[in-house]
Amino acid sequence: MSKVILITGASSGIGREAAILLGKQGHRVYAGARRLDRMADLADLAGPAGGVSAVEMDVSETDDNERAVNQVIDGEGRIDVLINNAGFGLYGPIEDVPLDDARYQFEVNLFGLAHLTQLVLPHMRAEGSGRIVNVSSVGGRIWLPLGAWYHATKHALEGWSDCLRYETAPFGIQVVIIQPGAIKTEFGDVTNVGLDKYAVGTAYRDLVGRYIELRDTSRTMARATDASVLAKVYLKAATTRRPRRRYVKGAFARPVLFVRKWFGDGVYEFALRGIVR
């Protein structure tokens, strides 16, 4: 059965690939992002099987969220699936990152997502069904140095989503979490901005320098998973009749979760010191 789907962060990376794939599978997709020009071709790429409409929106802006939801409801009469995919990573030493920057990280990765979810829930309750797909990260269960604010948002999203799942279950609304590992997207380019910004004049310059050197010499991204692979996970999470609570996919995801869960803090930190040394 064709579903009406609103997905955020659809101008690049996994969000873009997922919007195209969902359209090809015959679903009615509203693809939201700030960069409208980068979504001009989505409808053509998805093909005639489904429909993809670009929606200009910034999830940190309440007016944008309200306008996007109203556009979907006015056009389709319902929203079956919300995929909260938009997000970014703010990296830098905790002491040096301005709190206004940290607050904006939370606005995009958590509060904007929460507001959009609050807007669609009444419509889903009225239908007696619906699905919220929240894109967390393997970083919602583990952490990396210099990524404190990013990891804080994803750890918060994990707990928030679990509470949401329990609260909405009586209304026929399902909540799914996706935890990507290392994926070939623009995510790394954005995190690099923070690292480069705080590389000079910080008491943590040695750590930042080692991290930047690791970034520039690492073969991690060469082993990263293609965004198209994750798009298939988004499709499953959004449309399968009985979805899992969590989907883990992508390079390094399962190994690092295994180490963190079964070997504890000490072994995990020891392994990190061997990498970022």
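In this predicted model, Tyr-268 is tucked away as a buried residue, its relative accessible area being 6%. Tyr-268 belongs to helix H9 (residues 253–275), while Trp-143 comes from the loop between strand S5 (130–135) and helix H5 (148–168), so the contact ties together parts that are 125 residues apart in sequence. Trp-143, at 30% relative accessibility, is partly exposed.

The overall tally is six aromatic pairs. Another of them joins Tyr-91 and Tyr-211, with ring centres 6.3 Å apart and planes at 45°, so the pair is tilted. Here the loop between strand S4 (81–84) and helix H4 (99–127) supplies Tyr-91 and helix H7 (residues 205–217) supplies Tyr-211, so parts 120 residues apart in sequence get tied together. Both ends of this pair are buried: Tyr-91 has a relative accessible area of 7%, and Tyr-211 comes in at 12%. Ring pairs also bring in Tyr-150, making a cluster of Tyr-91, Tyr-150 and Tyr-211.

One further charge-over-ring arrangement turns up at Phe-171, where Arg-125 lies over the ring face at 5.8 Å from the centre.

Conventions:
Residues are numbered from 1 along each chain as its sequence is written. This is a predicted model: local features need pLDDT of at least 70, side-chain atom pairs count only at pLDDT 80 or more; totals for chains, interfaces and linings use all residues. Side-chain values use heavy atoms; hydrogens and water are left out. Rings of Phe, Tyr and Trp (its six-membered ring) pair if their centres lie within 6.5 Å; planes under 30 degrees apart count as stacked, over 60 as edge-to-face and the rest as tilted. Helices (H or I, at least four residues) and strands (E, at least two) are DSSP runs, numbered from the N terminus. Buried means under 20% relative accessible area, exposed over 50%, partly exposed in between (1.4 Å probe, protein chains only). A charge sits over a ring if NZ of Lys or CZ of Arg is within 6 Å of the ring centre and within 35 degrees of the ring normal.
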